[in-house]
Amino acid sequence: MSLVDAPSFKASSAPVRSTALPAAAYVLSIAALPSHYAVSASSPSNAIHVFDKARLQNVQTLPGHGSSITALRSVPNIANAVAHALVSSGKDGTVKVWDERAGTVALHMTASSAGARRGLLSCDVSADGLSIAAGTELQGDDASILYWDPRSPVAPLRVHSSTHSDDITALHFYRPASSAVPNTGNLLLSASSDGLVCTSNADEADEDEAGVHVGNWGCSIAQAGWLHDRAGRPATWASSDMETFSVWTTELDRIQDVDIRQPSVHRQDLTWVTDYLIGCHNTLNPIGDTDNDLCLFAGSNEGDIALLTKSTFSDPDVPWHLQRTWTTGHAGIVRAALWDERNNILLTGGEDSRLNVWNAQGAEPVTSPSKPKRGSDMDVDEDEDISARKKRRA
């Protein structure tokens with residue numbers, strides 16, 4: 001596999017605006033609200049900071065969770081009662097829907113078993129806002145997907161405990177990308193450290209009947225999500241703890257399986273080497289001649305960010321394209337990237353506590369990075385476990 005710079009490649013070497021979280025907390029995730037951005041922080045605060053979009057000023061701090069925040073999402077509505085809702089989950093065993101204006105919790109759901117709380121690693125809200133799902137850590141022999149009806153949040157509506165056998169690291173409800181795509185029902189994508197990628201009917205109470213498709217990757221999965229072709233038909237992607245990346249059909253047949261660190265560019269005027277996957281984004285406008293909406297945000301040990309695309313995943317020999325880079329804004333691992341396409345900006349946050357705002361399109365001519373090249377005396381240790389570093393302060 002190979003990586004080539006796109007004909008429209010652009011680079012930016014300085015953020016437009018920048019700020020930092022208090023107490024040297026890591027930026028864990030970023031979510032967009034109509035007038036604000038929400039940022040989840042690591043310990044010691046485990047808080048959620050709300051920033052004004054125009055000035056990037058911290059206008060509010062929500063108390064967050066009692067322990068690590070594991071997911072932060074902005075969703076259009078909850079039960080047709082809360083619009084543009086902010087939802088979070090944590091290892092304290094709770095899912096919270098926040099009233100941003102009041103700075104309080106509007107809905108509170110708790111995962112417990114035999115009176116003890118169960119840590120949550122993932123959560124999402126269905127497209128109609130009538131189902132909330134959360135995935136637990138492995139406790140004993142069980143890892144469960146819990147479903148709540150937000151209109152009655154006191155206890156889970158149902159619990160599925162045999163879909164996965166280890167930590168449930170990702171949950172994503174399917175949201176049609178086009179009105180022309182047939183309704184697939186309330187379909188939930190889940191991924192786990194057990195190596196399985198699954199789709200389930202979230203409205204089916206009988207877990208034996210709820211399973212739709214299962215794919216076995218055979219490695220611990222850290223992230224997963226949906227992608228779509230230009231007609232809006234869905235497929236899925238997943239990434240592992242070892243920085244491998246895969247793409248799956250709707251039926252969860254694997255069609256791509258690569259080490260995301262392999263494709264690189266080495267030229268006198270341009271160098272890019274991927275060290276880890278930050279996350280993926282479904283673009284509103286596929287770039288160039290690509291047949292899909294998937295954009296990968298990759299990071300380097302030095303704190304640089306790149307946007308990678310692939311014109312098609314049906315042919316493994318088709319090269320990846322380096323579309324853009326954003327450099328010298330961070331020092332160390334970048335944890336989160338949010339592409340706000342409507343406002344043409346990219347937000348990034350990392351282990352250096354920085355929250356940066358960039359011009360998403362880039363505006364500068366391509367120049368060789370001024371930092372030390374790979375292989376110099378100042379290199380980061382390539383044998384260090386990047387996945388472990390990214391998790392050490394969750």
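Begin by selecting Glu 351, which counts as buried at 10% relative accessibility. Here buried means under 20% relative accessible area, exposed over 50%, and partly exposed in between, with a 1.4 Å probe and protein chains only. The structure on display is a predicted model, in which local features need pLDDT of at least 70 and side-chain atom pairs count only at pLDDT 80 or more, while totals for chains, interfaces and linings use all residues. Residues are numbered from 1 along each chain as its sequence is written, and side-chain values use heavy atoms, with hydrogens and water left out.

**Salt bridges**

Strands (E, at least two residues) and helices (H or I, at least four) are DSSP runs, numbered from the N terminus. Arg 335 also counts as buried, at 14% relative accessibility.

Next, select Arg 151 and Asp 149, whose side chains meet in a salt bridge (2.9 Å, N to O). Which of the two is buried, and which exposed? Arg 151 counts as exposed at 56% relative accessibility, whereas Asp 149 is buried, with a relative accessible area of 16%.

Move on to Asp 52 and Arg 55, where the side chains form a salt bridge of 3.3 Å, N to O. Asp 52 is buried, its relative accessible area being 14%. A search of the whole structure finds eleven salt bridges.

**A hairpin and an open sheet**

Select residues 27-32, which make up strand β3; five of its six residues are buried. Two strands pair if DSSP finds at least two bridges between them. Within this pair, Ser 29 has Ser 40 of β4 as its bridge partner, and a hairpin of three residues connects β3 to β4.

Now show the open sheet of four strands, ordered β17-β18-β19-β20 with antiparallel pairing. β17 (168-173) and β20 (211-216) stand at the edges with a single partner strand each, so one side of each has no neighbour in the sheet. Five bridges join β17 to β18 (residues 187-192), and Ile 168 has Ser 192 as its bridge partner in β18.

**Nonpolar cores**

Select Phe 245, Leu 296, Leu 308, Trp 320 and Leu 322, which touch the most other members of the largest nonpolar core, a group of 22 residues. Such a core is a set of buried Ala, Val, Leu, Ile, Met, Phe, Trp, Tyr and Cys residues joined through side-chain atoms within 4.5 Å. Another core, of 18 residues, lies apart from it and includes Val 75, Ile 78, Leu 107 and Ile 132.

**Cysteines**

How many disulfides does the structure hold? It holds zero, a disulfide being a pair of cysteine sulfur atoms within 2.5 Å. The sulfur of Cys 280 is 8.7 Å from the closest cysteine sulfur, in Cys 295, which is too far for a bond. Cys 280 is partly exposed, with a relative accessible area of 24%, whereas Cys 295 is buried at 1%.

Notes: Salt bridge = Lys/Arg side-chain N within 4 Å of Asp/Glu carboxyl O.
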